[in-house]
Amino acid sequence: MKQFISFVKKEFHHIFRDKRTMIILLAMPVVQIIIFGFALTNEVKNSKIAVWDQSKDEASASLLSQLDASRYFEIVKPVFSTAEMEAEFKKGKIRMAVVIPPKFQEELVHFNKAQVQFIADASDPNVANTLTTYASSVVQDYQSRITGEKKMPYAISTRVRMLYNPELKGAYNFVPGVMAMVLLLVCTMMTAITVVRERETGTMEIMLVSPAKPFRIVIAKAVPYFLLSAVNIASILLLSVYVLDVPVNGSLALLVGESLLFTLVSLALGLFISTKVATQQTALFISLVGLLLPTVMLSGFMFPIENMPPPLQAVSHAVPARWFYNIVRSVMIKGTGLEVVWKDTLILVGMFLFFGGLAIKNFKIRLS
Amino acid sequence: MVDKVIIADKLTKRFGDFTAVDGISFDVSQGEIFGFLGANGAGKTTAMRMLSGLSMPTSGKAMVAGYDVYKENEKIKRNIGYMSQKFSLYEDLTVRENIRFYAGIYGKSNAFIKEKTELVLKQLHLTSEADKLVKSLPLGWKQKLAFSVAIFHEPKLVFLDEPTGGVDPVTRREFWNLIYEAAAEGITVFVTTHYMDEAEYCNRVSIMVDGRIDALDTPAQLKKTFAAQSMDEVFLKLARKAVRGE
Amino acid sequence: MRVLRFLLQKEFRQIFRDPSILRLIFIMPVIQLVFLPFAADYEVRNIKLALLDRDHSAYSRALVNKITASGYFMLTANCVSFQEARAAIETDKADIILDIPPAFEKEIVKETEATLSMSVNAINGVKAGLGSAYLQRIIMDFNQDIRTEWIQFPRFDQDTRIAVTFSNWFNTSMNYKVFMVPGILVLLLTMIGANLTAINIVREKEIGTIEQINVTPVQKSHFILGKLIPFWILGLLVFTLGLGIARLFYGIIPAGSLVTLYAFAAVYLLAVLGLGLLISTYAENQQQAMLISFFLMMIFILMGGLYTSIDSMPDWAKAITKANPVSYFIDVIRMLVLKGSGFGDIGYQLGIITGFALVLNGWAVLNYHKRS
């Protein structure tokens, strides 16, 4: 044990001596959680739209002003032909165009019927879809305003309650997601690269000839990163609560415990990668280029997992961040407890044992 | 004065409050083997890096191969060779590829490179290893190869920073033979070392203590001045005064 | 020029001598491009609905049938109490609770007014917003059905109706992969390009070979070109491979000119490689280089406009995206691949990226000191 502690101490010396790395390591999650927490939302707001108003009457003007007033749209430009509209789309200046045919008001008044056309730039179909849905609900509002006080018989009204996030803030979704990403990638990359580095420079051999148990040496390399991650978890949670106003509705102890568990999974994954690669460069490519996008895309915080085709859903089961994201969302925002997240927790424990076990096994093979 | 390859005058390097090299003055003549001795941290490597254009002096003057270290450092580089403490050939290139690469970036012609490569390989007994990766060679061979690469472009002067660290006595001997051969061809050798027996091989020796040159003379004269039996004793007498540790 | 040739020869030799890294550079984009685009389906479908039907009437059943027939909703829980429904949301078995009050049918018929309530899991705001909008639309349709059933002969349609028609241009089939595949390719290209140069040079720093180069008369610009050119070629190969996959697996054929696309990619790669160079001049070891690059990549990727819309960001965040090369390429690739925009349309973006390339590489050259 004493030996182990002296190895851990040595690792700390390494880390503390490299001030720059330390600063980046501790400041990075702070900066990222703030930027992403405020900036990211999968809502589609302030989309620029062009208007081709062929009526130019009171009714069309009133509908358009209602569109402009909504937080989703910003009318930037009147256009006067299809060609002009297309040119604006091609330059990427607008996301949607509204076409109001001639005699809009006349038809509305005399026949109670009128037409509006929305043309969306479907080169990003997700945005296009969201925009047209929003646009049609603006039209619906407008419509019911005209209908006005005329009370309709046989009416069904709906009351909508938004649970957990009544203001529909992006941070509620992205804080758990970014937390998962930062913890996973930092821990995995750092452990993988430090272990491989010792091997590259040959200092690993020096330690291996010491009487210490080989695997203890490797574990000792992970300990400082575990503690640094604990600091990062604390700073992320403090920022979420006090700066981003994302509450911790469930048990704080459980949340911290789960985060530490997830850190362990990441460290084990890093150690596992380190046993498989020969150079720091390869370690970096696998842990950064190989993990970043799959984590963003398959953990569920960016794209709903239930929409994915079944084979990809199956793949997403292997993404540790998926389970952690689920846990954080449940514990932090929904305020549920272990009775809800026990399954996810067990899976993380399983992943920890799996990667840890493989790392030990590979490490022994490498030695013999 | 034409044959002075290095002239240093009160050359100084400070890093913040720390004076690594404290106003050293000396000169080195053409064809000389000049030993640059000192304990760890005495400032040897820093001094050498200033002379070879890797580090900007804080104050003082120095001319190397007839050029000013402040303004003409790129011209200096054309005329010197340098072998650093860290082994710095490409381990993932072969022996031949390393030679070709370094000769190439000094602008040597293909014919020259081709001819001289064979010569060097023969001299080092590396002909059969020429197409092996450098990382597969034993340390001693690597060091000899690094030296040959450093003087391949036939510089006026070569800087060697502890070239024989970690090498067995036999290889060290061989290494010094290479140095003598180079000196015989008129290349000035500026060498730092820890080994006092190596100091005896030098024409002149300077001993640095805490950033200053405390002694500079031929080995024989130094032993006389300090009433010592060996260079080892000379060194210990001087180095004991040092306040800087490692 | 001769010196540059030797530098290039050496770089290429080293690149091909380490097949593990070379393999990664090509295999990783292939795997990710083949799999990941399928994940990017953001259309809100398969919304899980917990039903709390306290009425059990013909109308309530008809409403539920209409909802499930719409294709947007899956009935995943049939609950008897609100607690139970709430638990379904907590365990992610449901996204929306539809609460049909007792006497729903009676109230419509007798009092001609009834109220439904829905509770939506709003952690993901968009999913919540769209889901509840869909549900409301269906309820409104249902309402209309009932009205026509009861008001047999309307004198004249009192209900004002504005018919809304939609067109989706540039991607009429609303195939999100057409957008995602080239977008992901841009992200991969960025990560690979920046890390290749950054790590490569820092590695030479760590090993000490860079000092050996610094003591030679090699010019800074030659040394840097010697690093840029090989990785630039590798980058363009990866890009070509990516476009090949887009065509083979997804049938994506750029609507615009391929020459324009390559011209932009070529300049973009210079910018990205320049960023790598710049990182390498600041980092002392590979670990630092990796952390800096990770930090930047996260910001570039999440704020590049591929995953979330830049328009929706607050102004200060929009300002950040102006300094994000990824956002320009995402824009351009969308224009060139999907909209068939021409060279003139991307002039602005090309100008900016050229600026990035010049500034980043220039800064890197200035910050690379042969002498400390």
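This is a predicted model: local features need pLDDT of at least 70, side-chain atom pairs count only at pLDDT 80 or more; totals for chains, interfaces and linings use all residues.
Now let's see how chain C meets chain A. The contact draws on 104 residues of chain A and 103 residues of chain C. On the chain A side, helix H6, residues 125–147, provides the largest share, with 14 residues.

Strand E5 of chain A, residues 155–163, runs parallel to strand E4 of chain C, residues 113–121, and nine bridges join them. If you'd like one pair to find on your screen, take A:Val160, whose bridge partner in E4 of chain C is C:Met118.

While we are in chain A, have a look at A:Val195. You'll find A:Val195 in helix H7 of chain A, which covers residues 171–201. Is A:Val195 buried or exposed? A:Val195 has 25 C-beta neighbours inside 10 Å, and the cut-off for buried is 20 or more, so A:Val195 counts as buried. Setting aside neighbours within four places in sequence, A:Val195 is in contact with A:Val218, A:Lys221, A:Leu271 and A:Ser274. Pick out A:Leu271 from that list: along the chain A:Leu271 is 76 residues from A:Val195, yet their C-alpha atoms are separated by 7.5 Å.

Back to chain C, which also touches chain B. Here the contact takes 20 residues from chain C and 22 residues from chain B. On the chain C side, the elements giving two or more residues are helix H1, residues 2–17, and helix H8, residues 209–214. The largest share, eight residues, comes from H1 of chain C. By class, this side of chain C has six nonpolar, seven polar and seven charged residues.

That brings us to chain B itself. Chain B has nine helices and 10 strands. For its 246 residues, a compact globule would have a radius of gyration near 18 Å, and chain B has 18 Å, so the two agree. Along the principal axes, its C-alpha trace spans about 50 × 40 × 35 Å. Buried residues make up 43% of chain B. And among its contacts with a separation of 6 or more, 69% join residues 24 or more positions apart.

Next comes the sheet of chain B. In what order do the strands of this six-stranded open sheet run? The order is E6-E7-E8-E3-E9-E10, and the pairing is mixed. E6 and E10, the latter at residues 212–217, are the edge strands, each pairing on one side only. From one strand to the next, the twist averages 15°.

E6 pairs with E7 in the parallel sense over four bridges. Within that pairing, B:Ile80 stands opposite B:Leu157, and B:Met83 has B:Leu160 as its bridge partner.

Helix H1 of chain B, residues 44–51, lies across E3, E7, E8 and E9, running at about 155° to E7. Helix H6 of chain B, residues 169–184, lies across E3, E7 and E8, at about 150° to E8.

I'll finish with two loop residues in chain B. B:His125 sits in the loop between helix H4, residues 110–123, and helix H5, residues 139–150. Although it is not a glycine, B:His125 has a positive phi of about 55°. B:His125 is exposed, with 11 other C-beta atoms within 10 Å. B:Glu154 is in the loop between H5 and strand E7, residues 157–161. Its phi is near 55°, again a positive value in a residue other than glycine. B:Glu154 is partly exposed, with 15 other C-beta atoms within 10 Å.

Terms used:
Residues are numbered from 1 along each chain as its sequence is written. Chains are lettered from A and ligands numbered from 1 in the order in which they are written. A residue is buried if 20 or more other C-beta atoms lie within 10 Å of its own, exposed if 12 or fewer, and partly exposed in between; C-beta atoms are placed from the backbone. Two residues are in contact if their C-beta atoms, placed from the backbone, lie within 7 Å. Two strands pair if DSSP finds at least two bridges between them. Ala, Val, Leu, Ile, Met, Phe, Trp, Tyr, Cys and Pro count as nonpolar, Asp, Glu, Lys and Arg as charged, and the others, Gly among them, as polar. The radius of gyration is taken over C-alpha atoms; the globule rule is 2.2 Å times the number of residues to the power 0.38. Axes are lines fitted to C-alpha atoms, for helices over the stretch in contact, and angles run from 0 to 180 degrees between N-to-C directions.
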